[in-house]
Each structure stands twice: as C-alpha cells, then as structure tokens.
Amino acid sequence: MTSLDSLPYELIQQVLQYLDPQDVLAAVALTSRQLNRIAEEPLLWRYYCQTCFKYWQAEHRFQDKLRGQLRNVDWKGLYLLRLRRNSHIARLVDGIVASRVSRLEKTEQICRYGYDAKDYLLSQCRVDDAHKDVLARRYYACTVLDSIHRSLAIEEWAKYQRFTQQGGPPPSTVERLNGGMRLERALGAFDLFMLHDNDGDLDEIGQLLDDISSRFHAANPGVERATTRGKAMALARWLHANNMTGLSDPTEETYRYLRNCLIGRALRDDQHPSLPIISAAIYSALASRSGFEAYPCALPNHVHAVVLAPPGVSLDGTTLPSTQAERQETMFLDPYGSDEEVPIDHIQNLLYRLGIFVGHEEMLQPTSTDLIVMRTAQNIRASFTSFRTIDRPLSQLIPMIELNRGDWARNLQPALYSMIWASIMMAPVLPDNDEVRWDWQQDVRDLLTYFYEYFPEDSWLIEKYVCPMYDSFAAPTRRQRDWELPSRRVRDQIRDIRGVDASARQPRRRSEVVEGVNVRFKIGQVFKHRRYDYHGIILGWTTEGAGGIADWDPNNQGAGRTLWAGHNEPYYRCMVGTDGSDHHIIAEGSIEPVDCRGGIEVLPPEIKDLVPMAGKFFKRWDSENGVFVSNIRELFPDD
C-alpha cells in the first residue's frame, strides 16, 4: 500500500490543507521527518491563517504580510498566536455567561484583543439553538463584539482630533476637507454602532464601494478618458439607472427611517435607500475611485454633490488662461433625486426662497467631512425623535428604527449613543468659543448617562477618549495637578463601577420574604399588562416598594438610587415590548401571566423581538414550561 510519505511533496501539501491545523500540529508533524518538514512549510501556515481567521487586528498588518515575501513572516507563529488568543477569549466568554461577577472586567480583556476576537465572538453569536445557554451566549458575545465595533468607530472619528492637533505647514484643500478621515469610513462609523453580528464593517464598506466602482467602469468602457464633466454625468446617470442612491417613493414618514442614515446599510440593501447626505457621500466616494474630485455640499434644506475640475482645467477639458491656473471649476449634481446637472441659478433660487440672500459663494463650497458627520448625527436624532413622537401603534412604528427583522429594540439606544459620540469627537480641540465648550460638556454629560445606564462595558473607551478630551475642554488654561482635573470625577465613577462589577451581591430569597407577603410570579414568565395590554418578561422582584427593585440589577452600574416609599405589594422589574427597555417597574396587581408553552414561535410578536436582548438575563427558552430559564440565579436563587 502506498504511504503518505511516498506521495510528491506538493501533493502532500495539498492534502494537508484539507486537515484541521490542530491535527497537523498534534499528529501529522510527528509521523515522520518528511511530514514534519512539510508541516512546517510557511506556505501551509499562511493558508491556515487565511482560511481559519477572517478578521485581523490592524496591528498585524495582515494584508501587507500577504503581499510581502513568504519567508519574511512566521506564519506558523502567527497562527499559534491567534489560537492562544481564541482559547483565552473562549474562557473569558464562558466566565461572562456563567457569572455576573467580574463580567465587565472579562469583557474589557476581550475588547483589548480587538478584531482578533471577532471570529470567535461571531461563532458564539451564531451558536446553535440547542445550546444550553444559547440566549446568554449570543447576547454577551454580541455585547462584547458591539463594544469592539464601537472602538473602531470612535478611533475613526479620533483621526479628526489628531488632524486638528498636528503642526507643520497648512494642510491642502483636500486634506482640510477630509480632516484626517475618509468620508465613507467616517460615515460608516455610525453603522458600527448597530452592526451587531452582521456584515458591513468599515473595510467591507470600502470593498462594496470598490465593487460598485468596478461595475460602473465595466458598464462604461473608456470613461477614464472622458472629461471631468463627462465622468461626473456618466456616474450620476449610472447610479440613477441602477437605483443605487435616493429613496423609492419617499413619504414624510419613510424619509426618517433610521436605515436611510447609514451608508453601509444603503450599500448592502437591495433597494439602496439613502438620504440626500448619504447619496452625495456615495457619489463622492465613487468619484474618488473614478479619477475625479467630488464632495457633498450641505445646504440648509438639501445636500448636493459638488464636482471640482482639476486646477487650471475646465470641466470640459480645456486649459484655462494662465491667470486662472489655480482655479477649479465646479458643477452641481443631486444624486438623491436626479441624474442631471443642477444649474447654479436653480440652487441660488432655492436659497433666496429660504430667505438667504448673502453668503452664497461660501455656502456653495464643498462641506468638510467633520460637518457631514455632524449632520448625519442630527439626522439620526431626527429618526429617533420621529419614532418617539408619532402617535401610532408600535407595530407601525417599528420599521422606522428596524434594520433587520426583529432588531429594532437593539438599535434604539445604540443609535442615540452613536449620535452623542459623534458630537463629542467632531468638536475641534481647545475651541476658543465658550459656547462650544459648554455644548461639548453637555454632550459629555449625555454620553455618561448613556454609558452608565446602557453601555457600562465601554469604561475603557471613556477612559481612552473622553477623559483626556474632558481635561482639555473643561479645564482652565492653567495646568492643574492630576487630582484636580475635571475627568477625576468620571474616573472615580468608573472605578466604582468596576468595584461593583468585581463584588458578589446578597441574593434575594423567597424564603426570606416577610410573613404574609406572597410573590406570585417568577423570573422568566411572560405577561400582559392588565391595563395597557403590552407584553413583557419578568426580570426580578422585590417586596420593599417600587424602588427596592433597582438595587439588584446585575448589569446596570448606575450609582446612588434612592428607594421609593411603598407598601408590601410585590413589584417586578420587567423588560417590555413597548421600547425594549429592561428598566420598567410594575406592581403585581397589573401583571397577567400568559401561557406560552411551545416554541419561540408561540410568543407574542413584541416578545419575539426581545429574544436577542433576553440573553442579558436568561439562558434559553423552555418550551415545555413556557418560560425563559434564569441566568441570574446568583441574585434570585429560588427562581
């Protein structure tokens, strides 16, 4: 019989590519000297690195390594490094799921690995339905991944801060407009706050734009030889013909859908829905890939794309007089609603109708990336405001905030969180304007409120980005000692949060309830509110009045709550289907239990939408008993 050793060297390498790398390490490499040599080949381990791990932390410069010399990289060592990190991440995730103690500390440890943790976290986000703690594992893996995604988004915006601080010669016009960022990545940062376990990170947004650009060039052979006007019109018409920008039959309500504010969503969606600002950004990003210069131009009531000819050359390719050698001719387009050039007098008439009679020349200049980010943040706020203020049944409002089926509840707080972070990061460093300083400090207060209530896992991001800026913006110009710096209070609160996270809490036992009081309902039961008819899930209980329920929360790290006065009627902490919040406190008399025995499909629709978030408190759904299985037994051991 022919042995593996007798096969040609190249063929053995091909065979080994079909084996699990850990089998190669543990068995094949120990079989013979020849197999050991082949198992050490850099080409084999480069293949394993490429196929076993999709996502890599930027520090690895993985794509550069792939393009470089094969033997300049210790590919086997790189694979083993990722394997060790995955093993450590797996232990940390198991610990996060098993106990609330040191949950934030373990989360932060994983976040420090950045994108090296994403492959494993995605596997846990998509763990099989039959897993004993499927909901908890999915929820906490996604929570950690969300924090990593936010770190990438904030780092993208932090490039603007570094740009404003750099010295040296004055930046060029292009550099000033970009502000150290790339437009599509700066806008794609918003997507990351609501990405969860879906595709569409910053690199993938770039790849989508590259693909669209390739399709445009394939459909327009020779376009690279056209004039600036020719390229600009060809791109506008191709985008319009292929429904790549704008909205289909928008109404006042559908215009404000959250999905229309996100560039990544617009690129991935079959219908490519986008507000004018996103349409102009997509156009501008594709223009840079097509050999001409274009930027959004944000006017008070609309956003156009402004195209710039090269200096000294007209839009139609003719050379301008020597006296105009630095001049750049401009033309305007409306990628949102038209495939034709927009005459300048048409735009000026619009400004006149708005009561704007002066300053047209300044307003018709390209808008810098930081201002486009800020305006997008305002659009996200408007989407959230519309969702909150329109008086309609919840089922009719959900499409306004929903990106994928059933994820509306998961998007509410991250959407506002992204808007506040953008407002903070897009402020120039050390502004002279006291009003800007005041507004910025108010944004920080809003951010800290959201952080304490909803995103305590972001302690490391607050320390890394907000605290240093807070000292610069809020402190007087005279240098102070560290203990006097304005961020001291924030750092103290973060220290307190970590202290609470590391400590065990006194459990609440039914056997210790005062005599004569009966806590009827159990954690994990689904109920309907007797008066308002909405559905919810019971998360905890107390007999100490309505305020007593606040103290047990294993995830919310906010400090200093005062107990409400109340009698001994039990109160319940609940997650409800009206807004996805888990902060609702409801008296026992208002709760009507619902029999939901069967699969998740028997749950009321609004409870089905809460299932991804239920993993914060529960291991899985028990179809036989019709309840969620508690994952907070440390706090409520009898439930």
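This is a predicted model: local features need pLDDT of at least 70, side-chain atom pairs count only at pLDDT 80 or more; totals for chains, interfaces and linings use all residues.
Me: Are D116 and R85 buried or exposed?
Reply: R85 has a relative accessible area of 16%, and the cut-off for buried is under 20%. D116 falls in that class as well. Both D116 and R85 are therefore buried.

Me: What is the N to O distance in the salt bridge of D116 and R85?
Reply: The two residues meet through their side chains. D116 lies in the loop between α7 (103-111) and α8 (118-125) and R85 in helix α6, so the pair ties together parts that are 31 residues apart in sequence. The N to O distance is 2.4 Å.

Me: How many residues apart in sequence are the parts that E59 and R85 tie together?
Reply: The side chains of E59 and R85 form a salt bridge, with 3.7 Å from N to O. E59 sits in the loop between α4 (42-52) and α5 (62-67), while R85 belongs to helix α6 (residues 75-98), so the bridge ties together parts of the chain. These parts are 26 residues apart.

Me: Is E59 buried or exposed?
Reply: The relative accessibility of E59 is 55%. The cut-off for exposed is over 50%, so E59 counts as exposed.

Me: Which loop and which strand does the salt bridge of R530 and E592 link?
Reply: The closest N and O atoms of R530 and E592 are 3.9 Å apart. The two residues are 62 residues apart, and their pair links distant parts of the chain. These parts are the loop between β5 (526-529) and β6 (535-542), which holds R530, and strand β9 (residues 591-593), which holds E592.

Me: Which class of accessibility do R530 and E592 fall in?
Reply: R530 has a relative accessible area of 44%, and E592 has a relative accessibility of 32%. The class in between buried, under 20%, and exposed, over 50%, applies to such values. Both residues are therefore partly exposed.

Me: Which residues do salt bridges that share partners join into one network?
Reply: A search of the whole structure finds 36 salt bridges. R85 takes part in a bridge with E59 and in another with D116. The network joins E59, R82, R85, D116 and D119.

Me: What is the volume of the largest cavity?
Reply: The structure holds two cavities of 30 Å³ or more. The lining of the largest one includes D191, R265, R268 and N404. By class, this lining has four nonpolar, three polar and three charged residues. The volume is about 80 Å³.

Me: Which helix gives the largest share of the lining of the second largest cavity?
Reply: About 30 Å³ of space lies in this cavity, and its lining residues are A236, L239, H240, T245, Y283, P335 and S338. By class, four of them are nonpolar, three are polar and none is charged. The largest share, three residues, comes from helix α13 (residues 228-241).

Me: Where does F357 of the nonpolar surface patch lie?
Reply: Y352, F357 and V358 make a nonpolar surface patch of about 360 Å². F357 counts as exposed because its relative accessibility is 59%. Its place is the loop between α16 (344-353) and α17 (360-363).

Conventions. Residues are numbered from 1 along each chain as its sequence is written. Side-chain values use heavy atoms; hydrogens and water are left out. On a 1 Å grid over the protein atoms alone, a cavity is a set of points where a 1.4 Å probe fits but cannot get out, and a pocket is an open set with protein on both sides within 12 Å along at least five of seven lines; lining residues have an atom within 4 Å of a point. Grid points are joined across faces, edges and corners, and a volume is the space filled by probe spheres set on the points. Ala, Val, Leu, Ile, Met, Phe, Trp, Tyr, Cys and Pro count as nonpolar, Asp, Glu, Lys and Arg as charged, and the others, Gly among them, as polar. Helices (H or I, at least four residues) and strands (E, at least two) are DSSP runs, numbered from the N terminus. Patches are made of residues with over 30% relative accessible area and no salt bridge: like charges are joined within 9 Å, nonpolar side chains (Val, Leu, Ile, Met, Phe, Trp, Tyr) within 5 Å. Accessible areas come from the Shrake-Rupley method with a 1.4 Å probe; for residues, only the protein chains shown count as cover. A salt bridge is a side-chain nitrogen of Lys or Arg within 4 Å of a carboxyl oxygen of Asp or Glu. Buried means under 20% relative accessible area, exposed over 50%, partly exposed in between (1.4 Å probe, protein chains only).
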